[in-house]
Amino acid sequence: MKHTKVIEKPQDLIEYRKKYSSIGFVPTMGALHAGHASLMKKASSENELTIASVFVNPTQFNNATDLEKYPKTFEADLKTCGENGVDVLFFPQFSDIYPDNYRFKLSENEFSKLLCGAHRPGHFDGVLTVVLKLLQITGCHRAYFGMKDYQQYKLISDMAKALFLPTEIIGLPTVREASGLAMSSRNMRLSAEGKDKAKLIYATITQKTSPDKAREILTANGFVVDYLEDIADRRYVAATLEGIRLIDNVEI
Ligand code: AMP
């Protein structure tokens with residue numbers, strides 16, 4: 001178990017990380033679980049300094065209730081960081097990250113308009129902008145993302161190439177419950193019954209059926225399906241259960 005140092009101010013982190021020649025970074029919104037832990041373990045195995053961040057980024061939420069209800073578990077998160085080799089936990093406030101009050105933003109105009117982007121207007125502008133800021137602050141050589149959010153991973157990876165960022169963007173496999181349910185901080189808000197039902201998402205998208213048929217199965221089981229689509233070699237789904245929006249994707 002490592003002692004994880006908590007840093008709140010960007011300037012303090014910029015100063016602290018200067019002496020390190022290999023830095024790995026894992027950005028998160030907290031309520032950490034085994035999916036986040038897998039990214040942290042990988043980062044700490046490949047870098048001299050491992051930084052994680054917990055920041056629930058308001059600019060990527062288009063629904064005020066979703067933002068407000070996002071689980072906050074700081075003490076447990078700090079422990080998870082220590083157990084998984086994180087040296088520094090960056091824990092900023094909105095004004096620390098947005099001294100410009102979101103006057104500047106980064107947009108992508110193709111892939112970000114599909115799937116989650118079509119259903120959550122402005123979501124990926126918020127994601128790309130905050131990630132760019134965090135990569136700058138952490139000065140990381142490698143940044144680790146989960147393929148659970150494949151669209152996000154792909155957009156960030158493309159952004160790094162487009163902007164000649166010096167950071168290597170690394171995507172790691174989705175960590176699942178034994179039931180197949182993709183681990184997510186949002187699962188904490190499901191009832192026991194809901195969590196049991198939510199395993200149908202993975203069970204359904206891994207069946208050899210058409211997207212329409214898969215959507216029908218989920219709808220018949222009480223999910224409100226935002227999208228269920230095949231793009232290139234992947235099947236993507238977003239579905240709401242008990243008012244909680246869950247996403248997943250698999251290679252097809
Ligand atoms: P979040 O805290 O949900 O914003 O996620 C932070 C990072 O953890 C993102 O790169 C996610 O893709 C990744 N992540 C979330 N859930 C999982 C999971 N079940 N397996 C692997 N990575 C995950």
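Trainee: Where does Tyr102 lie in this predicted model?

Mentor: Tyr102 sits in the loop between helix H5 (94-97) and helix H6 (116-119).

Trainee: Why does Tyr102 count as buried?

Mentor: Its relative accessibility is 19%. Buried means under 20%, so Tyr102 falls in that class.

Trainee: What is the phi of Tyr102?

Mentor: Phi of Tyr102 is near 65 degrees, a positive value in a residue other than glycine. Most residues other than glycine have a negative phi.

Trainee: Which loop holds Glu242, and what is its phi?

Mentor: Glu242 is in the loop between strand E8 (234-241) and E9. Its phi is near 50 degrees, again positive in a residue other than glycine.

Trainee: Why is Glu242 called partly exposed?

Mentor: The relative accessible area of Glu242 is 42%.

Trainee: What makes the pairing of Asn249 with Arg234 a polar contact?

Mentor: The two side chains are 2.7 Å apart at that contact, and the limit is within 3.5 Å for a pair of N or O atoms. A polar atom of the Asn249 side chain also lies 2.8 Å from the backbone oxygen of Met147.

Trainee: Which residues is Asn249 in contact with, leaving aside neighbours within four places in sequence?

Mentor: Among them are Lys148, Asp149, Tyr150, Arg176, Ile205 and Tyr236.

Note on methods:
Residues are numbered from 1 along each chain as its sequence is written. This is a predicted model: local features need pLDDT of at least 70, side-chain atom pairs count only at pLDDT 80 or more; totals for chains, interfaces and linings use all residues. Side-chain values use heavy atoms; hydrogens and water are left out. A polar contact is a pair of N or O atoms within 3.5 Å; within protein, one must be able to donate a hydrogen and the other to accept it, and residues adjacent in sequence count only if both atoms are side-chain atoms. Contact means heavy atoms within 4.5 Å. Helices (H or I, at least four residues) and strands (E, at least two) are DSSP runs, numbered from the N terminus. Buried means under 20% relative accessible area, exposed over 50%, partly exposed in between (1.4 Å probe, protein chains only).
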